[in-house]
Structures are given as structure tokens and as C-alpha cells.
Amino acid sequence: MQLSPDTPPRPGSLPAPIPISLGLQGGGAYGAFTWGVLDRLLDDDRLSFDGISGTSAGAINAVVMADGMAHGGGRAGAQAALRKFWTSLSGASRFSPLQRTPLDYLLGRWTLESSPGYHMMQMMSAAMAPMQAMPSINPIRQLLSSLIDFERVRACDDLRIFIHATNVRTGKGKLFTGAEMDVQRLMAAICLPQVFAAVEIDGEAYWDGSYVGNPALAPLVTPTGARDLVVVQINPIARRELPKSIADINSRSNEISFNIGMMREVAAIGQLRHVIDEVNGEEVHAAPVRMHLISGTDTLSTYSMSSKYNTDWAFLEHLHALGLAAAEQWLVENFQFVGVRATLDPDPIYHAEASVCT
């Protein structure tokens with residue numbers, strides 16, 4: 001998994017930025033942690049960005065980053081676009097029934113476990129299909145349409161963008177590229193079937209891509225692409241507490257399902273030096289990449305599963321700060337190895353229970 005070091009810079013010249021690709025997991029409101037990670041990485045001129053693969057909330061972060069970076073926006077444009085999205089999401093959710101109770105506010109808890117709206121949403125999804133439960137006008141779709149210039153994303157040549165959805169009929173992954181991006185495809189990549197009706201594209205129905213790959217890494221592994229692949233992990237693998245309510249059981253079952261793809265990807269790359277093709281599951285490709293991981297799950301696993309639906313600004317700011325700190329720590333500890341060797345330690349992924357059960 002190592003390549004020979006790059007040619008050293010000429011004396012007196014600054015070293016060229018090291019290209020990296022990013023794999024962004026999905027995880028609801030925890031995507032604000034990824035926003036913090038991206039904010040910090042965009043501040044580091046020692047890095048450049050080749051490609052981004054995102055699923056669910058990771059897909060939104062990827063597309064928003066590309067929109068901000070396109071046509072001269074650069075790093076500052078990407079940072080401004082990400083902040084605008086997350087602040088707008090919180091503002092649009094201000095009157096949502098998914099709110100913390102006054103006691104939760106008083107005690108500083110991020111949970112929605114006591115929120116009547118949270119449990120009502122779960123009961124409605126169990127009693128009727130999301131198409132019936134959700135209003136005809138989807139507020140998330142409206143928000144994405146108003147904030148993202150999809151024509152600019154499609155024309156963006158600063159980043160290779162890939163987002164992932166799951167074909168409901170075949171159960172296979174479907175990859176959408178930046179060149180074909182629109183609000184319908186982005187909605188497909190974030191479509192949790194317990195909340196939203198399946199999204200139809202070209203006669204096929206799609207759900208959230210996390211069921212097949214979270215995130216999909218195969219499209220980032222190309223002969224001309226970056227050899228350093230940084231995965232941002234926000235979907236907890238292990239949790240200390242058992243789910244007790246129907247709502248939490250649904251959330252935990254999703255977490256477990258959504259982590260299977262990542263775990264098999266890490267195993268394939270680490271042990272076989274191949275990457276699994278999420279679109280053609282029977283295929284694997286050589287993976288001459290150096291894997292790195294920035295994870296927030298040690299902290300995120302201590303929050304209630306309902307907090308993934310909490311878009312209160314104080315919580316999003318808190319998650320953003322956690323992401324900034326995690327990226328800073330990763331840079332301090334591992335930047336010297338970027339372009340040289342992999343730094344991903346698979347032990348916390350395959351033995352995550354050790355960190356939450358002690």
C-alpha cells in the first residue's frame with residue numbers, strides 16, 4: 001500500500017501540495033462533524049483535493065463543497081458554501097417538531113429521546129408509507145435546490161465528485177458523478193426509506209446509498225487519481241447502550257447496516273490490496289492507495305441515536321468544533337506520513353466495542 005516518495009522539491013522552493021481524495025460517511029446531523037473536518041483540511045495549503053465520494057450527509061457535503069469551489073471560488077468559496085448550508089439547515093428546522101425538550105436544553109443534552117415529534121415521526125413511518133406520511137413539498141429538497149447551483153456543480157473541474165444511491169429493485173449500488181448531478185440524484189443519495197419516499201430516476205427507485213457503500217471508495221481509486229484516501233467516519237460501529245424504543249431500534253439497525261460496507265472496504269484494501277466495486281459487487285479492483293481515517297465515533301457513540309435528527313444550531317456548532325479538532329489532531333499526528341504510507345489503524349473499526357464497553 002506504499003508508493004515511493006515523490007521527487008523532492010528543488011532547494012528554496014515550496015513543496016507541491018499533496019493530493020488527497022475524501023470518502024465521506026453518512027450519519028444525519030453528524031454530517032456537521034464532517035463539515036468541521038473539511039473546514040480544517042481546506043485551511044491547509046499543504047493538501048490539494050482530487051476527488052470526493054459521499055453518501056447521505058456525506059453526499060451533501062461533497063456536492064456543496066464542489067459548488068463553492070467551482071469557477072474560482074476555491075477553498076474560501078467551499079468553506080463559505082458549507083457554512084451557509086449548515087446554518088440554513090438549522091434555520092429551516094427551527095419550527096420542526098423534532099426539537100429538544102426544555103429539560104434537555106436546561107441539562108445541555110443533545111438527545112431527542114423525549115421529543116414527541118421524534119416518536120411521532122417513527123410511528124408514522126411504521127403505520128404508513130413515507131409517500132403518505134410526508135407532505136408533497138419536501139423541505140430538504142427545497143433547501144438543496146435553493147442553496148446549490150447544480151449547473152455549476154456539473155461544470156466543476158476542480159473536483160471529481162461521486163455520490164452513491166441504492167437501487168430498491170435490484171439491491172445494487174448506483175453511482176452518480178458530478179457531471180450528471182442534480183437535485184433528484186442528490187435526494188436519491190440521502191433517501192432514508194423510513195422518512196422519505198423512494199426517489200425515481202429514469203424509471204428506477206432509489207434509497208440512501210449507505211446500504212451498499214458508506215462511502216463508496218472504488219471510484220476514487222484510479223491510475224491517475226490521488227494515492228492518499230482519507231475517510232471521515234461519523235457512523236458509530238459500537239454503542240454502550242442498547243436501544244429501547246422502536247425509534248432507537250430503527251436507528252441502530254440502520255447504523256449496523258450502514259457500517260457493513262465500510263468494514264468490508266477496509267478489509268479488502270488492508271488485507272487484499274483491492275477495493276470492492278459497489279456498483280458491480282462481484283468485482284474487485286487493485287487498490288494502490290494509502291488509507292487514512294479521521295473518526296468522530298468515540299464521541300458520537302456516546303450521544304443518543306435520536307441526536308442524528310437534531311439540527312439545533314448549538315448542536316451543529318458543537319459537532320463542527322469536534323470535526324475541526326479531530327482534523328487538527330490527525331494533521332499533527334499523521335501529516336508527515338501523507339504521501340508516504342497508510343496511517344489507518346483497522347483495530348478501532350473491527351474492535352470498536354472495546355472503546356465503548358470499558
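Ile-201 has Glu-204 as its bridge partner in strand β6. Strands here are DSSP runs of E with at least two residues, helices are runs of H or I with at least four, and both are numbered from the N terminus. The model is predicted, so local features need pLDDT of at least 70 and side-chain atom pairs count only at pLDDT 80 or more, while totals for chains, interfaces and linings use all residues. Residues are numbered from 1 along each chain as its sequence is written, and side-chain values use heavy atoms, with hydrogens and water left out.

Strand β5 (residues 199-201) runs antiparallel to β6, joined by 3 bridges; two strands pair if DSSP finds at least two bridges between them. The hairpin has 2 residues between its strands, and Asp-202 takes a positive phi near 50 degrees there. Strand β6 (residues 204-208) also pairs with strand β3 (residues 160-167), in the antiparallel sense and over 3 bridges.

Strand β7 (residues 228-233) is mostly covered, with 6 of its 6 residues buried. Buried means under 20% relative accessible area, exposed means over 50%, and partly exposed lies in between (1.4 Å probe, protein chains only). One side of β7 carries Asp-228, Val-230 and Val-232, the other Leu-229, Val-231 and Gln-233, and both faces are covered.

Strand β1 (residues 18-24) pairs with β7 in the parallel sense over 5 bridges, and Ile-20 stands opposite Asp-228. A further parallel pairing links β7 to strand β10 (residues 290-295) over 6 bridges; here Leu-229 has Met-291 as its partner in β10.

Helix α1 (residues 31-42) is largely enclosed by the rest of the structure, because 12 of its 12 residues are buried. Among them are Trp-35, Asp-39 and Arg-40.

Ala-76 is placed in helix α3 (residues 74-92) and counts as exposed because its relative accessibility is 54%. Its C-alpha atom is separated by 8.4 Å from that of Asp-43, 33 residues apart along the chain.

## The chain overall

The chain contains 14 helices and 10 strands, and buried residues make up 53% of its 358 residues.
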